[in-house]
Amino acid sequence: MSAPDPDDGQAGTGGGEGGVVRFVLPVLVLAVGVLAWDLTVRINDIPPYVLPSPGTVLRTLVVDWPILWSSLLTTLATTLEGFVAAAVGGIAIALLFSRSKWLEYSLFPYAIMLQVTPVIAIAPLLLIYLPQQTAVVICAWIVAFFPVLANTMQGLKSVDRNLSGLFRLYGASPLQTLRYLKWPSALPHILTGLRIAGGLSLIGAVVAEIAAGAAGAGSGLAYRIAESGYRLNIPRMFAALLLLSLAGVVIYMLLALASYLVLRRWHDSALGKEG
Amino acid sequence: MSRLSASSTDAVPDSDVAIRLRGVVKAYANGVAALGPLDLDLRRGEFVSLLGPSGCGKSTALRIIAGLSEASEGEVRLAGGGTARRRIGFVFQEPTLMPWASVRDNVRLPLTLARIARPTADRQVAAALAGVELSEFADAYPRQLSGGMRMRVSLARALVTDPDVLLMDEPFAALDEITRFKLNNDLLSLWHRLGKTVVFVTHSVFESVFLSQRVVVMTPRPGRVAAEIAIDVPDRGEAFRTSPEYAAYCRRASVALADAGRSDAAL
C-alpha cells in the first residue's frame, strides 16, 4: 500500500514481543501442570482406573487411535452440520427480522426461549421424536444459532446513519443497500457470532451424543466417553476428552483465522491496534 | 425576519434559480420548531454559506434540500424538477466513508448505485480523484489516510456524478486549522473550475466569509434568515485571508450573527 502509516512500525514490534510471551506462558503452564499431574500419580501410586498418568493417556490415545479417530470424525461431522445450519439459519433469520419488525417482534422472544432452555434437557425429547443423527444435529443448531442471530441483528442495526442517508440520496435499492452497506457493516459482528457458534455447536453435538449414548446408541466421541465411563476405562475417557478439547481449540482458531483474513484490510479488530 | 432578505430573494429570475425554498418549516414530533419558516433562493453557480449558531437548524435545512429529511411545511424546488435530487452531491460533517472499501470503491459508490457501466465509471472516478489530488491513493483504505485526505475522498465522491449542486454540512469542522485552510483553498479552486452551485453550512464566520459569495446569517432555533451579506471579492487567494477587507467582512458577519442572537432573545 502506498499510503503512509506511521503506526505500523510500533504496532509490529509491540505485537512481536507480546506474541512470544503469549505463546511461551501458556506452554509453561501446561508443562508445569502435566508434571504435577504425573508426580501426583507416581508418588501416591494411584491406579489408572482412578487417575491415569499423562503417559498412560497418551499411550491410550495411540493404541485406541483407530476407534477414537473415527469417533472424532463422527462428532466433527455433526458439529459441522450444526454449525452450517446455525450460520445459515442465524443469518437468514436476522435478515428476515431486519426486513420485518412484525416478524422480529413475533418470533424473537421464542429464539431467546430456545437459547435459555438447557439443551441437555431438550436432547432426550428430540431423541424420542427424531432419528438420532437428525436430533443430534438439531441440538448443535439450537445451541449455536442464537449468537449468530443476535450478532447479525446487532450488526445490521449498527449501520452508520449518514452512510445510510447517502445510499438513500443516491436512490439505492433495498438489495443494493444490503449488498454494499448492511452486509459489510454487519460482517465483523457476524464473524464474532460465528466464532462463538463454532465452539457452541461442538458443545451441542457432545451434549446430544451423551444423551443419545444414555439411550445405548451412538458412535461419536462423546458417546465413547460415556461408554468408557460405564466400563471404567478411565484412560480412554481422558484420551477422548483431550481430543474433544483439541478439536474445540482448532475450530476456534480456524474461525478466528477466517475472521482475520476477511477483515484484515480494514477492520480494527484485525489490525492489532488500539481504537 | 425573512422580510429583511426579501430584496435579494425576490429579485432572482426563475431561470437563474438552482434551489428555491419557500416557507420551509421543520418541527419535531413534539411540536418544537427546529427551523423556519425559511425563504431562500440560490442562484446557479453561486457559492452560499449558511452561517448560524449550533442547533439553529442549518444542517436540517441542508438535509431537507437533499431530501434526506422531510419539511413539515413549505416548498423546496430544485431546478430540473423531480429527478433533480439525483443531481445533488452531499458532503457530511464526517467523511462518512465505507471503511471496508478502498478509496476508489468509495468514490465509485454513487456510480455503482446508479448502475453506470464499469469503464465509464472508472473514467469518472479517476477524474474525480485527480480533482482532489488523490490519484495515487486510489487503492488505499480510509483508515490509512489522514483526516484531511478522508475529507477529500468524501468530496471526490460527491463530485463524481458531476452534480449541479454541492451541499456541504460543516465538512471541515473537525479538522485542524492548517488543514482546513488548505481544503478551503482547494474547494474554491474546484468551485472556480467546475462552476457548481454550492451550499456550505458552517458555524465559522471566517470560513463563511473566505469561501462564499453570499453569507446567509441565521437566527438561533428555529433558524430563519436574519441577514445576508454579499462578499464582493472575485479573487480569494491567501492574500485575501490576511487583508483588511477580509477582516471588515468578518466583523460585519460577526455583528450580524450577534444581532440575530439578540433579536431572537427579545422575541
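Let's start with chain B, where the centres of domain 1 and domain 2 lie 27 Å apart, taken over C-alpha atoms. Keep in mind as you look around that this is a predicted model. The predictor gives the complex an ipTM of 0.82 and a pTM of 0.79.

**The two domains of chain B**

- Domain 1 of chain B comes in two pieces of sequence, 2-79 and 167-266, while domain 2 of chain B covers 98-163.
- Where these two domains touch, domain 1 of chain B puts in ten residues and domain 2 of chain B puts in six.
- On the domain 1 side of that contact in chain B you'll find six nonpolar residues, one polar residue and three charged ones.

**The three-stranded sheet of chain B**

- One open sheet in chain B has three strands in the order S2-S1-S4, and the pairing is antiparallel.
- S2 and S4 (73-78) of chain B are the edge strands, and each of them pairs on one side only.
- Neighbouring strands of this sheet are turned by 15 degrees against each other on average, ignoring direction.
- Helix H2 of chain B, residues 58-66, packs on this sheet and touches S1, S2 and S4 of chain B. The direction of H2(B) makes about 120 degrees with that of S1(B).
- Zoom in on S1 (residues 17-27) and S2 (residues 33-43) of chain B, and you'll see an antiparallel pair with seven bridges.
- For a landmark in that pair, look at B:Val24, whose bridge partner in S2(B) is B:Leu38.
- The hairpin of S1(B) and S2(B) has five residues between the strands, and there B:Gly31 takes a positive phi near 90 degrees.
- S1(B) also pairs with S4(B), in the antiparallel sense and over five bridges.
- Here the landmark is B:Arg22, which stands opposite B:Glu75 in S4(B).

**The six-stranded sheet of chain B**

- Chain B also has an open sheet of six strands, in the order S5-S6-S7-S3-S8-S9, and its pairing is mixed.
- S5 and S9 (225-230) of chain B stand at the edges with a single partner strand each, so one side of each has no neighbour in the sheet.
- From one strand to the next, the twist of this sheet averages 15 degrees.
- For a parallel pair, find S3 (residues 47-51) and S7 (residues 197-202) of chain B, which are joined over five bridges.
- Within that pair, B:Val48 stands opposite B:Val199 in S7(B).
- A handy background point is that strands of a sheet pair through backbone hydrogen bonds, either parallel or antiparallel.

**Chain A**

- Now switch over to chain A, whose secondary structure comes to eleven helices and zero strands.
- Reading from the N terminus, the elements of chain A run α-α-α-α-α-α-α-α-α-α-α.
- Chain A is divided into domain 1 (14-44) and domain 2 (51-271).
- The centres of those two domains of chain A are 29 Å apart, again taken over C-alpha atoms.
- Of the 275 residues in chain A, 36% are buried.
- Among the contacts in chain A with a separation of 6 or more, 75% join residues 24 or more positions apart.

**Where the chains meet**

- The contact takes 24 residues from chain B and 20 residues from chain A.
- On the chain B side, strand S5 (88-91) and helix H3 (103-113) each supply at least two residues.
- H3(B) gives the largest share of that side, with three residues.
- Sorted by class, the side of chain B that touches chain A has 15 nonpolar, four polar and five charged residues.

- Chain B averages a pLDDT of 82, and 91% of the residues score at least 70.
- Which elements of chain B have the lowest and the highest confidence? The lowest is helix H1 (residues 6-10) of chain B, at a mean of 45, and the highest is H3(B), at 91.
- Over residues 1-9 of chain B the pLDDT is below 50, and this stretch has 17 contacts in the model beyond near neighbours in sequence.
- Where pLDDT is low, the predicted coordinates should not be read in detail.

Technical notes. Residues are numbered from 1 along each chain as its sequence is written. Chains are lettered from A and ligands numbered from 1 in the order in which they are written. This is a predicted model: local features need pLDDT of at least 70, side-chain atom pairs count only at pLDDT 80 or more; totals for chains, interfaces and linings use all residues. Domain bounds come from an automatic or database domain assignment. Two residues are in contact if their C-beta atoms, placed from the backbone, lie within 7 Å. Ala, Val, Leu, Ile, Met, Phe, Trp, Tyr, Cys and Pro count as nonpolar, Asp, Glu, Lys and Arg as charged, and the others, Gly among them, as polar. Helices (H or I, at least four residues) and strands (E, at least two) are DSSP runs, numbered from the N terminus. A residue is buried if 20 or more other C-beta atoms lie within 10 Å of its own, exposed if 12 or fewer, and partly exposed in between; C-beta atoms are placed from the backbone. Two strands pair if DSSP finds at least two bridges between them. Axes are lines fitted to C-alpha atoms, for helices over the stretch in contact, and angles run from 0 to 180 degrees between N-to-C directions. pLDDT is the predictor's confidence in each residue, from 0 to 100.
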